[in-house]
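Work through the two exercises below with the sequence and the model open. Each task is followed by a solution in steps.

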Amino acid sequence: MKSKIKWAALGGLVLSFASLLVHLFLAKSSADLVQYTAITLFTEDLTPTLATRKGPGFRKLWGNVKSLEPLHPHPNPRSTYPVAVEHNNGFIYAKISGSFEKIRNSIVDLVAISRLLNATLVIPEIQESTRSKGISSKFKSFSYLYNEDQFIAALANDVSIVKSLPPILREARKRKEYQIFKPKSSAALRFYTSEVLPRLKKAKVIGLILTDGGCLESALPPSMAEYQRLRCRVAFHALQFRPEIVALGKLMAERLQASGQPYLAYHPGLKRDALAYHGCAEIFQDIHTELIQYRRAQLIKQGIISEELSVDSHARKRNGSCPLMPEEVGLLLRAMGYPPRTRIYLAGSETFGGQRVMIPLRAMYPNLVDRTALCSKKELANLVGPETPLPPDPDQLLPAKSANQLKAEWDKAGPRPRPLPPPPDRPIYRHEKEGWYGWVAEKDVEPEPSPNDQRERAHRLLWDALDYIVSVEAEAFFPGFDNDGSGPDFASLVMGHRLYEMASARTFRPNRKYLAELFNSTVDHLYYPPRNWTLAVREHLNKSLAEEGLLQESNRSKTKFFLSHPIPECSCSTVKATDISHSGKNSNLHLLFEGQGECPRSMQQERTQETNADEVDSQEDETDLDGQSESEGYNGTDAIPSLEQDEEMDPDD
């Protein structure tokens, strides 16, 4: 009996050992296959078949806006336009600082000013890269972000551009012998023709320092339409990123589109400066509110803001002045019908509040990724280039004591046991000082940026460039915050580029004030809203994609930022406005095409060669949408729906 028990126990041990070996072997063999990245999550998506991609459900979420398909980019000169000459009034030298979008808009304005003053433009310096110590010597200043040779070649017929000043003028620059101007982004044409041009002719060189995101007013008279088209040629053709950035950005877009899946790009617009400017501190909590208020106090002191320090942030949000929070964007996308496995690219090198504010959106859409999930550390490091290592910031180092110091403290402590003395002031450790806002725990004044901070600002230009490429390439783009008359911003720049390159692409232009009223109407049922609320969201966002959204965006942003709405100056139409008016279509479409020029014959021939299948599909979609609206009983107005109209959605269903 005992021998049987021993043999049974031995057999159990052998089986347990064999099971352990099998588990270890499987874990080792599958370790290389398991990658906890967004790319792995993408494989769980269902690859759409050709029939699915052409189905009405797919087109409602990802298809182009049919009414805007006649719009095409056309930035070429349309009147007498003399070629730039080498012998002109002199040289313009500029230093540019600011964020990615401010730098881009400033360069565009610089070219227009050089053309206006008949001057030679020296490749401008980008201060965010020149101030950073130890960055790659391979990429400096302008070439850190853009392709210099492409920039010069693309604008050869517009402006004479050189890489540096002649030696004599370079020495004069070091001696500060020529005039320096600091124009604002709203500088008028008269300022340059009456004040800057005489100094340029006299000294043969002037300097410009640009910190306001531009140097020329956005709205120019109709007689200056050629300068607006020049702006488009600069922004959308001449300003190409250096090849390494373009290659990695295209690769990121390809990874997002793997298995034939479309993706949506989302830019939260949660930047500290924008939140402080618009008074949105109270939509955050704790230290984030304090940081926004500190920045707002700085803007008031600088004269940028003429309001009170403390304002009602909730009233500002109801007015549409504050960004949509990521949770609200997730609810809007869900109301539109985007499935949970939709691939969403999170653009923006800075998201104020960090990953904590993204938790609700990530819970609704787990395929939410950013550049760190799509690129390896090596790929990002290659983009940055070889850099000189910098010592860590002094306030981030953990306090370290030598062995002699520790022994001396032990010897001075006296015999044991003894009453312990009161503890000294406890140092603040690195894990208690998260990110760049750790100074709040120690002092009331924000410190000057450290060398590591300056290097990080230079890196942000590269990350924004990658996000810009991926956002322009996306099948759909949703801005959490776009230009509101406060200067150029990333989302408006992307929206303008998408409008210029392919006007019919799905670019949402939400009215934040109207959406705030919608959210307030169902604040107690955000995750289980009534059906009529969902229909109201769908109708508003669908309208924002088409001509109504374009006209509202033009009235709101174009006067402050031309590149956010570069039509009709930089576009043409393959249909005539008179044909649209005779067809009986809506007045908004007629207003949109009223100022459009007619496209060249080559574009019109391409338009006529399109298959009739697309027209049939468009009619089917319109019929399906009309039938859905009528069957669901929505009246099609922008009035806020009453919650009493529909209570059929039960949270327990």
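**Exercise 1.** In which sense do β2 and strand β7 (residues 205-210) pair, and over how many bridges?

The model is predicted, so that local features need pLDDT of at least 70 and side-chain atom pairs count only at pLDDT 80 or more, while totals for chains, interfaces and linings use all residues. Residues are numbered from 1 along each chain as its sequence is written, and side-chain values use heavy atoms, leaving out hydrogens and water.

*Solution.*
1. Helices (H or I, at least four residues) and strands (E, at least two) are DSSP runs, numbered from the N terminus; two strands pair if DSSP finds at least two bridges between them.
2. Six bridges link β2 and β7 in the parallel sense, with Y93 opposite G207.
3. β2 is also joined to strand β3 (residues 120-122), again parallel, by two bridges; here I92 faces L121.
4. Strand β4 (residues 125-126) pairs with β2 in parallel over two bridges, and K95 stands opposite E125.
5. Five of the six residues of β2 (residues 91-96) are buried, meaning under 20% relative accessible area with a 1.4 Å probe, protein chains only.

**Exercise 2.** Which residues does L145 touch, not counting residues up to four places away in sequence?

*Solution.*
1. Contact means heavy atoms within 4.5 Å.
2. On that basis L145 touches F100, I126, F241, R242, I245, L461, L462 and A465.

Conventions. Buried means under 20% relative accessible area, exposed over 50%, partly exposed in between (1.4 Å probe, protein chains only).
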